[in-house]
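Student: I would like to learn how to read a protein model step by step. Could you take me through one, giving the general idea before each case?

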Amino acid sequence: MSEIQNYTAPRTLEEAADVLRAGNVTIFAGGTDVMPQMKTGKLKLQPTLMNIRHIPELRGITQAGGTVRIGALTTMTELLNSELVRERFNALWQACDHFASDQLRNAGTIGGNICNASPAGDTLVPLLVLDANVVLTGKPNGAVTTRTMALKDFFVAPGRTRREASELLIAVEMPLPPADSISEFFKFGTRPALDISTIAIGLAALREGKTLRDVRIAFGSVAPTPIRAPQTEAAIEGKPLDDATIETAVAAAARDIHPISDVRASDWYRRELIHNILQRMLVHVRDR
Amino acid sequence: MSVTVDIKFKLNGVERRATVPAQMSALDMLRDRVGLTGTKYACGEGECGACTISVDGQTVNSCLMFAADCDGRDLVTIEGLVTSPLGESLRKNFTKYGAVQCGFCTPGLMMQASHLLKTHPHADRDQIKRGIEGNLCRCTGYKKIVDAIADADIDAA
């Protein structure tokens with residue numbers, strides 16, 4: 001374990017940006033990823049440890065016009081208790097409901113789940129299908145600047161994102177889906193609680209009779225990062241959701257994914273799961 | 001040596017101060033600095049719930065919480081819980097129903113049970129099972145634990 005030379009808990013976003021600008025910072029909020037990764041040596045601590053929990057700008061779920069903004073410090077429990085999330089972002093609510101345990105939902109934050117960038121991160125698949133953007137703030141040249149990036153462009157590799165070392169992820173923003181839209185999430189694991197997903201599937205679309213439009217599908221734990229599934233989406237987009245379309249879609253899904261074999265499942269089993277569970281989800285959407 | 005942090009927090013209703021290494025967990029601080037060993041260390045990675053404490057009214061795994069992050073917060077451990085009517089009711093029930101064998105998971109389970117009953121006073125058995133899903137018991141098979149929580153005196157919550 002490397003030595004921490006400086007601990008800081010800034011009270012404003014600007015102070016945090018100054019700390020980041022000085023460089024060599026490990027950021028934490030809930031600590032549920034940083035602490036175990038620090039103990040196992042997976043995470044090499046930087047000389048400065050920054051606690052971002054006291055920055056009020058990172059809190060709250062707000063709606064302005066057609067956009068919903070979720071502050072980076074929002075915990076899984078807060079998302080579960082949000083009426084707005086439950087009613088309009090079902091896939092995200094479902095993912096939070098299947099997230100670890102009560103103790104971890106009380107501590108873990110959405111910003112942390114995103115920045116940890118696990119291919120199995122529970123909220124990432126729903127956020128991808130809900131067209132989420134991440135909001136990043138930094139002070140690289142002495143002035144506070146903020147940029148927004150589509151979440152689908154944010155992940156680079158397991159544990160790696162396009163966040164610059166001088167930046168802080170302050171929020172995630174999503175367009176408020178029309179009332180007639182659907183969003184679904186399914187996580188497969190061996191037990192209901194505290195499980196890292198073997199595979200996860202997110203699905204969002206606008207429903208027009210038996211046809212789905214603006215189809216968004218994402219998969220977790222089947223590639224180095226959570227991914228959108230463009231071939232699967234194209235197979236469903238604007239077509240009547242009949243058996244033939246569903247068959248084409250699950251065949252396309254096999255081309256969108258690149259699973260590996262690890263302790264949780266083999267490559268073959270993950271492919272089987274994606275095929276069978278995506279099929280089940282699509283049938284469920286069609287027959288509802 | 002790593003840098004230390006001066007913190008001030010409330011522990012079981014009493015204001016306290018501590019100086020802790022920046023990388024220390026809240027669990028290590030409670031056990032090794034404060035000397036309250038009711039909160040248990042087991043897995044050290046948030047899988048088992050033996051180290052469950054309440055922070056600002058929410059239960060967390062203290063093994064995953066930085067001690068430095070306790071600054072300004074309100075902590076309750078099993079030592080504080082048992083002085084409350086709900087804690088006493090849970091303690092009696094865990095004994096009455098035989099929900100304790102080795103006892104190592106018991107403090108964490110009682111902390112989590114009290115949080116569950118405060119937020120869901122009329123929790124049914126399924127809600128109780130769901131509420132304690134982050135707590136492992138390797139002895140009892142959970143039935144007696146659920147019995148003990150289901151019969152707790154919710155007026156005490």
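Tutor: Let us begin with the words helix and strand: both are DSSP runs, a helix having at least four residues and a strand at least two, and they are numbered from the N terminus. Please keep in mind throughout that this is a predicted model.

Student: How many helices and strands are there in chain B, then?

Tutor: Chain B has six helices and five strands, and along the sequence they follow the pattern β-β-α-β-β-β-α-α-α-α-α.

Student: What does the predictor say about its confidence in chain B?

Tutor: The average pLDDT of chain B is 96, and 98% of its residues score at least 70. For the complex, the predictor gives an ipTM of 0.96 and a pTM of 0.96.

Student: Which radius of gyration does chain B have, and what would a compact globule have?

Tutor: A compact globule with 157 residues would have a radius of gyration near 15 Å, and chain B, at 15 Å, agrees with this. Along the principal axes, the C-alpha atoms of chain B fill a box of roughly 45 × 30 × 20 Å. Of the 157 residues, 48% count as buried.

Student: Where does chain B touch chain A, and how many residues are in contact?

Tutor: In this complex, 25 residues of chain B are in contact with 26 residues of chain A. Strand β4 (residues 58-61) of chain B supplies the largest share of the side of chain B that touches chain A, namely four residues. Sorted by class, that side of chain B has eight nonpolar, 13 polar and four charged residues.

Student: Now to sheets in chain A: in what order do the three strands of the open sheet lie, and is the pairing parallel or antiparallel?

Tutor: To read a sheet, we ask which strands pair, and two strands pair if DSSP finds at least two bridges between them. Here three strands of chain A form an open sheet in the order β1-β3-β2, with parallel pairing. The edge strands are β1 (6-8) and β2 (25-28) of chain A, each of which pairs on one side only, and the twist from one strand to the next averages 20°. Three bridges join β1(A) to strand β3 (residues 48-51) of chain A, and Asn6(A) has Thr48(A) as its bridge partner in β3(A). Helix α1 (residues 13-22) of chain A lies across β1, β2 and β3 of chain A, and runs at about 160° to β3(A).

Student: And which strands stand at the edges of the open sheet of four strands in chain A?

Tutor: That sheet has the order β11-β12-β13-β14 (chain A), with antiparallel pairing. Its edges are β11 (181-188) and β14 (227-228) of chain A, and each has a single partner strand, so one side of each is left without a neighbour in the sheet. Between strand β12 (residues 199-208) and strand β13 (residues 211-220) of chain A there are eight bridges, and the bridge partner of Gly202(A) in β13(A) is Ala218(A).

Student: Is Ser221(A) buried or exposed?

Tutor: A residue is buried if 20 or more other C-beta atoms lie within 10 Å of its own. Ser221(A) has 28 other C-beta atoms within 10 Å, and therefore it is buried. Ser221(A) sits in the loop between β13 and β14 of chain A, and its phi is near 65°, a positive value in a residue other than glycine.

Methods: Residues are numbered from 1 along each chain as its sequence is written. Chains are lettered from A and ligands numbered from 1 in the order in which they are written. This is a predicted model: local features need pLDDT of at least 70, side-chain atom pairs count only at pLDDT 80 or more; totals for chains, interfaces and linings use all residues. pLDDT is the predictor's confidence in each residue, from 0 to 100. The radius of gyration is taken over C-alpha atoms; the globule rule is 2.2 Å times the number of residues to the power 0.38. A residue is buried if 20 or more other C-beta atoms lie within 10 Å of its own, exposed if 12 or fewer, and partly exposed in between; C-beta atoms are placed from the backbone. Two residues are in contact if their C-beta atoms, placed from the backbone, lie within 7 Å. Ala, Val, Leu, Ile, Met, Phe, Trp, Tyr, Cys and Pro count as nonpolar, Asp, Glu, Lys and Arg as charged, and the others, Gly among them, as polar. Axes are lines fitted to C-alpha atoms, for helices over the stretch in contact, and angles run from 0 to 180 degrees between N-to-C directions.
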